[in-house]
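Reader: I would like a close look at one part of this model, namely its charged side-chain pairs. Please keep to what can be computed from the atoms.

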Amino acid sequence: MNAETQTDVIVRPVRDVDAQELGRVHATCWHETYDHLISRAALENVSPKRLAELWTHWAAQGEEYRMSAALVDGEIIGFVGSGPARDEDAPRERELYFIYLLHRFHGTGVGQLLFDAAIEEGEGVYLWVAADNPRAHRFYTRNGFALDGATHDEAFLGESLTEVRFVR
């Protein structure tokens, strides 16, 4: 798939019946995204079934949550989620919780479609992203975000991942 065929992509709200497929895609994306940041042993413990259970919960949240999936030929290839800020010192009221896309669809415009489904144009929002994820940093910068200097270590699969905060 290339940028010219992005019209074949459907972005729609997540449904509870998507949980199994979302769990599988979520696990795959974690392997593709974090293999250089988290040990192989930790990543091998990622369970598509456990992630599917989380998606069952996430899909049933209220209207203030925007959870969407991107599909190509009826199969989920990525997802996004945003909602109310979770941090006590949140710089904005809305937080982009996650955006993941299978590696083979990077650079096709699908990530932007997902982002646009979760964040309204000009909406103030913040997010946390791995400090060592330059591709994501470039994506968020293109979408009007800037680092605000905040960092923290996030527990991730039993290990620690340093994250930085972007704000728009």
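How many salt bridges does the structure hold, and which residues are linked in a network of salt bridges?

Author: The model is predicted, so local features need pLDDT of at least 70 and side-chain atom pairs count only at pLDDT 80 or more, while totals for chains, interfaces and linings use all residues. Residues are numbered from 1 along each chain as its sequence is written, and side-chain values use heavy atoms, with hydrogens and water left out.

The structure holds nine salt bridges, a salt bridge being a side-chain nitrogen of Lys or Arg within 4 Å of a carboxyl oxygen of Asp or Glu. R66, R94, E120 and E123 are linked in a network of them.

Take E123 to begin with. The side chains of E123 and R66 meet at 2.9 Å, N to O. This pair links distant parts of the chain: E123 is in the loop between α4 and β5, R66 is in strand β2, and 57 residues separate them. Helices (H or I, at least four residues) and strands (E, at least two) are DSSP runs, numbered from the N terminus.

E123 also forms a salt bridge with R94, at 3.1 Å, N to O. R94 is in strand β4, 29 residues from E123. E123 counts as buried because its relative accessibility is 17%; R94, at 10%, is buried too. Buried means under 20% relative accessible area, exposed over 50%, and partly exposed in between (1.4 Å probe, protein chains only).

R50 and E53 form another salt bridge, at 3.5 Å, N to O. Both lie in helix α3, three residues apart, about one turn of the helix. R50 counts as partly exposed at 47% relative accessibility, and E53 counts as partly exposed at 41%.
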